[in-house]
Amino acid sequence: MSSDTPSPPSMTPRSLTRMALIGVVALLLIAAPIAGLLAWEPVEEGNVKVVKKWGATTDTVFQPGAHLINPVSQSTVSLSVRPQSYTMSGKSTEGAQQGDDAITVLTQDGLRTDIDVTVRYRVDSGQAVKFYRNYRTLDSAEERLIRPSIRSVLRTEAGRLPVTVIYTGEGQTQLKAAAEKELSKEFAKAGLILEAVQVRNVELPSEYAQAVEKKEITEQRRQQKQDELAVEELEAERKRIEAQGQADANRILAESLSDEVLAQKYIEKLDETDTVYIPVGESGYPKFVRSLDSDGSASTASSASDSSSDSPPTNSTRNATSA
């Protein structure tokens, strides 16, 4: 080797220690941000997080906000505490499951009917650990708790009601109250809060629905007939009152027509006509007729019986013609 080639620096224990310290510091500077990111555990509004340590569920629950965990030994599971709804419906476009998912029940009188129902609930944030230990997820709780519970309650309660009641507002209110009472107890044990049970529809058996429809049609026709009869009775009463009024008027008029009044009426009519009937004889039948021309002249004609005849007066008269 050439004499002018530089020799490598000697590695003393002191220099080795210094290099090791520099490496540790550099490693810490790199690892600190990563560790901080791993330890940072934010919880969004409407959720809680259950803390687990070495895979086992602890009693610690993180509420919405910022939290720190040991990323080496701890982990978290997020649970939504927002209101949820689970629907069982006969319509394929509704409900958690496809197809006809209505609850089929037997009424007190043995008729089958389908009920559409919606259960509204949420996870109790203060009981999130209990819920997670029992069901883990909302889907599991719906399948294992909510679905069988609501079916059992409605079937039991529907069996106490006749079909004539179950589809009415009163019957549906009774179903709702019974379901809420029983489910509230079951949900409290599971870390859930029941908000409401909604009985959305009661589908009657087709044969019963047809019978109800026929009954309603018959009732409508009967009511229509009653209305028509009432109108006819009112019309008959109106005519009776009208006839009675006319009869009373005629009676009053007849009582007021004395000979003097009739004579006065006759005199008044003389000025209103150009033909004058002259009553003669005891019966007052017309004997002669005098027609007045427009110029005021008068002509007379005798009736078929001559005035000098001794024959009695008749009801027929002949009108005199103008000259």
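Visitor: How many helices and strands does the protein have?
Guide: This is a predicted model. Both element types occur in the protein, and the count is seven helices and 12 strands.

Visitor: What share of the residues in the protein is buried?
Guide: Buried means under 20% relative accessible area. The protein has 323 residues. Of these, the buried share is 25%.

Visitor: Which share of the contacts with a separation of 6 or more joins residues 24 or more positions apart?
Guide: Take the contacts in the protein with a separation of 6 or more. The part that links residues 24 or more positions apart is 60%.

Visitor: How are helix α2 and helix α5 oriented to each other?
Guide: Helix α2 spans residues 128-135 and helix α5 spans residues 169-190. Their axes lie 8 Å apart, at an angle of about 95°. Angles of 65 to 115 degrees count as roughly perpendicular. That makes α2, relative to α5, roughly perpendicular.

Visitor: Which residues of α5 meet α2?
Guide: From α2 come Lys130, Phe131, Asn134 and Tyr135. The residues of this contact of α2 with α5 divide into four nonpolar, one polar and two charged. On the α5 side, the partners are Ala188, Lys189 and Ala190.

Visitor: How are α2 and α3 oriented to each other?
Guide: Helix α3 covers residues 138-158. The α2 and α3 axes are 9 Å apart and meet at an angle of about 70°. The angle falls in the 65 to 115 range. Therefore α2 and α3 are roughly perpendicular.

Visitor: Is the crossing of α2 and α3 left-handed or right-handed?
Guide: In this contact α2 supplies Phe131, Asn134 and Tyr135, while α3 supplies Leu138, Ser140, Ala141, Arg144 and Leu145. By class, the contact of α2 with α3 has five nonpolar, two polar and one charged residues. The crossing of α2 and α3 is left-handed.

Visitor: Within what arc do the buried residues of α2 fall?
Guide: The buried residues of α2 are Ala128, Val129, Phe131, Tyr132 and Tyr135. They line one face of the helix, because seen down the axis of α2 they fall within an arc of 165°.

Visitor: Is arginine 136 buried or partly exposed?
Guide: Arginine 136 follows α2 and sits in the loop between α2 and α3. Its phi is positive, about 70°, although arginine 136 is not a glycine. With a relative accessible area of 40%, arginine 136 is partly exposed.

Visitor: How do the residues in the contact of α3 with α5 divide by class?
Guide: α3 and α5 pack at an angle of about 145°, with axes 9 Å apart. Their crossing is right-handed. Among the α3 residues in contact are Leu145, Ile146 and Ile150, and α5 brings residues including Leu175, Leu183 and Phe187. The contact of α3 with α5 divides into 12 nonpolar, two polar and three charged.

Visitor: Is tryptophan 54 buried or exposed?
Guide: Tryptophan 54 is in the loop between β2 (47-53) and β3 (56-62). Its phi is positive, about 55°, although tryptophan 54 is not a glycine. The cut-off for exposed is over 50%. At 65% relative accessibility, tryptophan 54 is exposed.

Visitor: What distance separates the C-alpha atoms of leucine 68 and tryptophan 40?
Guide: Leucine 68 belongs to strand β4 (residues 65-68). At 61% relative accessibility, leucine 68 counts as exposed. Leucine 68 and tryptophan 40 are 28 residues apart along the chain, and their C-alpha atoms are separated by 4.9 Å.

Note on methods
Residues are numbered from 1 along each chain as its sequence is written. This is a predicted model: local features need pLDDT of at least 70, side-chain atom pairs count only at pLDDT 80 or more; totals for chains, interfaces and linings use all residues. Side-chain values use heavy atoms; hydrogens and water are left out. Axes are lines fitted to C-alpha atoms, for helices over the stretch in contact, and angles run from 0 to 180 degrees between N-to-C directions. Helices (H or I, at least four residues) and strands (E, at least two) are DSSP runs, numbered from the N terminus. Angles under 35 degrees count as roughly parallel, over 145 as roughly antiparallel, 65 to 115 as roughly perpendicular and the rest as oblique. Contact means heavy atoms within 4.5 Å. Ala, Val, Leu, Ile, Met, Phe, Trp, Tyr, Cys and Pro count as nonpolar, Asp, Glu, Lys and Arg as charged, and the others, Gly among them, as polar. A crossing is left-handed if the near helix is turned anticlockwise from the far one by less than a right angle, and right-handed if clockwise. Buried means under 20% relative accessible area, exposed over 50%, partly exposed in between (1.4 Å probe, protein chains only). The arc is that of the directions from the helix axis to the C-beta atoms.
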